[in-house]
Amino acid sequence: MGIKKNIRKLEEGIKLDVSERNNYGGYLCLDTLFAAQKPVSDPPHHDEMLFIIQHQTSELWLKLIIHELNEAIHCVQIKRLGRASKILARIKQIQKQLFEQWAVLETLTPSEYMQFRHVLGNASGFQSVHYRQVEFLLGNKNEKLIKVFPEGSESRKVLEQVLQSPSIYDVFIKHLYDEGYAVPKDLVQRDLRQPHVFNEALMAVLVEIYQRPDQHWAMYALCEQLVDVEQSFQQWRFRHMKTVERIIGFKSGTGGSSGVSFLKKALELTFFPELLRLRTEL
């Protein structure tokens with residue numbers, strides 16, 4: 001009995017002769033993507049590649065979150081709450097990818113990281129334009145943070161635009177107001193460059209929605225999606241802090257921050273304070 005070859009024949013319909021632009025690598029610009037990993041340690045340290053790819057993929061996921069948040073904001077503005085809820089559910093799944101990535105970086109030991117940390121110079125995740133955009137789009141606005149980026153630079157222009165635009169919470173509050181809920185007028189006419197501040201009257205509106213979810217289902221469902229996004233973001237922040245603590249302890253960050261202590265303070269920031277506080281009031 002002959003030995004069966006472990007080879008699968010190609011189906012006749014599979015295209016073998018395709019142009020560079022129309023093939024898989026061309027469509028995804030893989031040559032450009034794969035050329036972007038450029039370790040600078042000399043001699044090259046094996047684990048620097050892990051560090052670079054970890055942060056590059058994080059930036060890609062953050063870029064997608066920005067893309068989805070902008071669409072969610074637009075959907076609320078045109079009163080398509082169902083689609084906005086679906087998009088926020090997708091964002092939560094993207095956030096899971098960001099969260100799980102920390103497990104890969106946690107395989108980097110302190111001894112390994114110290115062998116190439118010096119080549120980072122002042123580079124720090126604090127300088128991530130994508131991360132800052134996500135925070136602004138969720139409502140945690142801070143005009144001082146824009147000063148990290150050179151005046152006139154494309155990064156600064158992008159952040160200035162996002163700073164002046166409504167966050168997802170701003171458009172949700174505006175929608176409540178437009179639908180006749182007892183939202184104070186000053187909340188929809190406030191300076192969008194400033195972060196949202198907890199408001200008792202708004203919380204009373206949200207408590208009413210949560211006490212009668214069947215009567216306010218679209219609002220209620222969107223509120224819960226917003227809480228999911230906030231919780232996932234906080235989990236990501238916490239995992240970031242614990243990963244940094246595991247690898248460098250309480251050393252200062254490469255960008256000049258206090259490191260773990262700085263990251264711990266970020267855990268106190270909230271995007272949707274009324275949605276969290278109302279749990280106590282119900």
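Helices H6 (residues 129–138) and H11 (residues 217–248) pack against each other in this predicted model: their axes come within 12 Å and cross at roughly 145 degrees. Here an axis is a line fitted to C-alpha atoms, for helices over the stretch in contact, and the angle, from 0 to 180 degrees, is taken between N-to-C directions. The helices themselves are DSSP runs (H or I, at least four residues; strands are E, at least two), numbered from the N terminus. The crossing of H6 and H11 is left-handed, a term used if the near helix is turned anticlockwise from the far one by less than a right angle. On the H6 side, Tyr-131, Val-134, Glu-135 and Leu-138 make the contact (heavy atoms within 4.5 Å), and Val-229, Phe-233, Trp-236 and Arg-237 do so from H11. Of these residues, 6 are nonpolar, none is polar and 2 are charged. In this sorting, Ala, Val, Leu, Ile, Met, Phe, Trp, Tyr, Cys and Pro count as nonpolar, Asp, Glu, Lys and Arg as charged, and the others, Gly among them, as polar.

The whole structure holds 1 cavity of 30 Å³ or more, and the largest cavity has a volume of about 80 Å³. On a 1 Å grid over the protein atoms alone, a cavity is a set of points where a 1.4 Å probe fits but cannot get out; a pocket is an open set with protein on both sides within 12 Å along at least five of seven lines, and lining residues have an atom within 4 Å of a point. Grid points are joined across faces, edges and corners, and the volume is the space filled by probe spheres set on them. Among the residues lining the largest cavity are Val-134, Leu-138, Val-229, Phe-233 and Trp-236. Helix H3 (48–77), helix H4 (81–105), H6 and H11 each give two or more residues to this lining, which has 9 nonpolar, 1 polar and no charged residues.

Taken as a whole, the protein chain has 13 helices and 0 strands.

Residues are numbered from 1 along each chain as its sequence is written. In this predicted model, local features need pLDDT of at least 70 and side-chain atom pairs count only at pLDDT 80 or more, while totals for chains, interfaces and linings use all residues; side-chain values use heavy atoms, without hydrogens and water.
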